[in-house]
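Me: I would like to learn how to read a structural model feature by feature, with the general idea given before the particular case. Could you take me through the one shown here?

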Amino acid sequence: MLARLPFRLLALLLFAVCAGMLAFGLYLQHAKGIEPCPMCIMQRYALAACGLVGLLAGLHNPGRRGVTVYGALLAVAALAGLGVAARQSWMQWFPPAVSECGPGLEYMLESFPLSAALPMIFRGAGDCSVVDWTFLGLSIANWSLLSFATILVALVAYMLQRARQAR
């Protein structure tokens with residue numbers, strides 16, 4: 001079923017979904033005051049990479065070989081995000097005795113000059129094992145894990161259906 005849809009449409013849909021998820025993350029950060037931890041920031045980078053691959057693929061509208069290249073790039077970005085989200089989900093289910101994510105935002109601002117604190121703030125602050133927000137009983141990391149897994153499953157299904165049609 002996926003392979004029947006134009007690749008360009010799927011790629012642009014992926015971009016729109018990723019952009020929406022990133023926008024929601026920024027909403028939680030800036031409107032709700034939920035500071036992202038370093039693992040959250042890494043997941044944002046992976047999601048941005050997935051969205052960027054979708055945008056480039058949708059604008060390029062590649063042929064067969066290009067679809068394979070974009071699929072490989074998407075798989076790498078989604079696997080990276082999946083790995084980080086899986087690790088953070090594990091940390092949330094089984095919190096470590098000592099935080100592994102570094103110092104909190106307040107500590108960084110109080111302990112370091114602003115020029116040193118800014119790069120650290122950009123990398124994220126807080127404890128990666130803390131659950132600050134849930135929806136339907138799942139944390140942000142859990143939803144991120146499901147999102148990256150869905151991207152990978154959809155990609156594999158699309159590539160398999162495409163390969164069957166090529167025969």
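**Reading the pocket and its helices**

Reply: Let me begin with a lining: the residues that line the second largest pocket divide into 19 nonpolar, four polar and no charged, where Ala, Val, Leu, Ile, Met, Phe, Trp, Tyr, Cys and Pro count as nonpolar, Asp, Glu, Lys and Arg as charged, and the others, Gly among them, as polar. This is a predicted model, in which local features need pLDDT of at least 70, side-chain atom pairs count only at pLDDT 80 or more, and totals for chains, interfaces and linings use all residues. Residues are numbered from 1 along each chain as its sequence is written, and side-chain values use heavy atoms, with hydrogens and water left out.

Me: What is a pocket, and how many residues line the second largest pocket?

Reply: On a 1 Å grid over the protein atoms alone, a pocket is an open set of points with protein on both sides within 12 Å along at least five of seven lines, whereas a cavity is a set of points where a 1.4 Å probe fits but cannot get out; lining residues have an atom within 4 Å of a point. Here the second largest pocket has a lining of 23 residues, and those nearest its centre are Leu10, Leu14, Leu74, Ile151 and Ala154. The space in this pocket is about 470 Å³, a volume being the space filled by probe spheres set on the points, with grid points joined across faces, edges and corners.

Me: Which elements give two or more residues to that lining?

Reply: Helices (H or I, at least four residues) and strands (E, at least two) are DSSP runs, numbered from the N terminus. Two or more lining residues come from each of H1, helix H2 (38–60), helix H3 (64–93) and H6, and H1 provides the largest share, eight residues. In the protein chain as a whole there are six helices and two strands, which follow the pattern α-α-α-α-α-β-β-α along the sequence.

Me: How should I read the packing of two helices, and at what angle do H1 and H6 cross?

Reply: Two packed helices are described by the angle between their axes and the distance between the axes. Axes are lines fitted to C-alpha atoms, for helices over the stretch in contact, and angles run from 0 to 180 degrees between N-to-C directions. The axes of H1 (residues 7–30) and H6 (residues 140–166) come within 13 Å and cross at roughly 175 degrees. H1 is therefore roughly antiparallel to H6, since angles under 35 degrees count as roughly parallel, over 145 as roughly antiparallel, 65 to 115 as roughly perpendicular and the rest as oblique. Contact means heavy atoms within 4.5 Å, and here H1 contributes Phe7, Leu10, Leu14, Cys18, Met21 and Leu28, while H6 contributes Ile140, Ser147, Ile151 and Tyr158. The residues of this contact divide into nine nonpolar, one polar and no charged.

Me: Is Leu155 buried or exposed, and which residues does Leu155 touch?

Reply: Buried means under 20% relative accessible area, exposed over 50%, and partly exposed in between, with a 1.4 Å probe and protein chains only. Leu155, in helix H6, has a relative accessible area of 13% and is buried. Not counting residues up to four places away in sequence, Leu155 touches Gly71, Leu74 and Ala75. Leu155 and Ala78 lie 77 residues apart in sequence, yet their C-alpha atoms are 9.9 Å apart in space. Across the protein chain, 35% of the 167 residues count as buried.

Me: Where is Asn61, and what is its phi?

Reply: Asn61 is in the loop between H2 and H3, and its phi is near 50 degrees, a positive value in a residue other than glycine. Asn61 is partly exposed, with a relative accessible area of 39%.
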